Amino acid sequence: MKWISPWRLKKLGILGMNARNREFIGRYNTRSRYPLVDDKLKTKLLTEEFGLATPALRFVVSEQHAISHIEKQLHELDGFAVKPAKGSGGKGILVITGRNGGKFVKASGAEIDIEEIRRHMSNTLAGLYSLGGKPDVVIVEDLIEFDDIFEGYSYEGVPDIRVVVFKGYPVMAMLRLATHASDGKANLHQGAVGVGLDIATGRCLKAVQFGLGVSLHPDTKKPLNEIKVPDWRSMLVLASRCYEMTGLGYIGTDIVLDKSRGPQLLELNARPGLAIQVANGLGLLPRLRHIESLKAGLHKTPEARVDYVIKAFAEAIPEDPAAGPAQKIA
């Protein structure tokens, strides 16, 4: 493992956990607003109320006895996602991509029957996947059909894009690509590839797996420096609008790109992790301080805030994503 000195971290503008908790989460996130993002069902309903694009909610299971009726409710759905409302880190998410006779086909290609889905829902209600093991509810929503642009960039999982939004300004973004090591999950701690994205263009700046720079996807061997997320400005505007929707000043927004419906908001996080800095090869602190220095109300709409960061935070694109960003554009 390669160690880096505190002096070097400070020079890079790396935001540490204590500073994140004290100066940004504690200062800009009102605790009474946390349930809006900690409970995915509340987030889903709020997102639909505000007219933000999100996978449609099909139905909710909140009682054990209701599980006996789900076969009828699933009858018209070929593909769908089952989620715990209070889960974290992708735990408890069951993705069904199709059917084979009476069986349901998972993203991995494995087939399960209706009894296994009932058992999964029963465990979810009992709190097996929720924070603190508290009783939960089951959300069933539409399946994401990820855009062909990501073909070969993800292994048995949907690529998602994390955008950190501060005071309504998108300040840093990364694409998370599932791998065999991560068991199809877009979780960097489990071995997913994190691809730092230029906030101005959506192009690859740097890519890491287990904290180390990589040039190719470890399973598909596709070169990561060719990644450029389409419809990038729309994605940033969607992330920026979550500020008005939640009233939270410092949030992580998780977005996926659907083949036919475009950018879709999956979920929000009031305590987004700091690995996004490793994926970008850049520290968050200079950008956060920059936004803090702006006059209040300077940019009144999400679109104006996005246009501002596109100009303010553009980075030079490196040839090798394992090396990281080159010198910043003036």
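Arg118 and Glu115 sit three residues apart in helix α6 (residues 114-125), about one turn of the helix. Helices here are DSSP runs of H or I with at least four residues, strands are runs of E with at least two, and both are numbered from the N terminus. An α-helix has 3.6 residues a turn, so residues three or four places apart point the same way. Arg118 and Glu115 form a salt bridge, with their closest N and O atoms 2.7 Å apart; the term stands for a side-chain nitrogen of Lys or Arg within 4 Å of a carboxyl oxygen of Asp or Glu.

How do the two partners compare in exposure? Arg118 counts as buried because its relative accessibility is 16%, while Glu115, with a relative accessible area of 42%, is partly exposed. The cut-offs are under 20% relative accessible area for buried, over 50% for exposed and in between for partly exposed (1.4 Å probe, protein chains only).

## What kind of model this is

This is a predicted model, in which local features need pLDDT of at least 70 and side-chain atom pairs count only at pLDDT 80 or more, whereas totals for chains, interfaces and linings use all residues. Residues are numbered from 1 along each chain as its sequence is written, and side-chain values use heavy atoms, leaving out hydrogens and water.

The protein chain has an average pLDDT of 92, and 98% of the residues score at least 70; pLDDT is the predictor's confidence in each residue, from 0 to 100. Among the elements of the chain, the lowest mean pLDDT, 78, belongs to helix α1 (residues 6-11), and the highest, 98, to helix α10 (residues 302-312).

## Salt bridges across the sequence

The count of salt bridges comes to 19. One of them joins Arg261 to Asp142, with 3.7 Å between the closest N and O atoms. Arg261 is in the loop between β12 (250-258) and β13 (262-269) and Asp142 is in strand β6 (residues 138-142), so the pair ties together parts that are 119 residues apart in sequence. Arg261 is partly exposed at 34% relative accessibility, and Asp142 is buried at 14%.

Arg287 and Glu315 also meet through their side chains in a salt bridge (3.0 Å, N to O). Because Arg287 lies in helix α9 (residues 285-293) and Glu315 in the segment after α10, this pair ties together parts that are 28 residues apart in sequence. Both Arg287 and Glu315 are buried. Elsewhere, a network of salt bridges links Arg22, Glu23, Arg27, Arg289 and Glu292.

## The buried face of α10

Which residues of α10 are buried? They are Pro302, Arg305, Val306 and Val309. Seen down the axis of α10, these buried residues fall within an arc of 100 degrees, so they line one face of the helix; the arc is that of the directions from the helix axis to the C-beta atoms. Their cover includes β8 (169-177) and α7 (232-246).

## Leu131 in its loop

Leu131 belongs to the loop between α6 and β6. Not counting residues up to four places away in sequence, Leu131 touches Lys86 and Ser88, where contact means heavy atoms within 4.5 Å. The C-alpha atoms of Leu131 and Pro35 are separated by 12 Å, and these residues are 96 residues apart along the chain.
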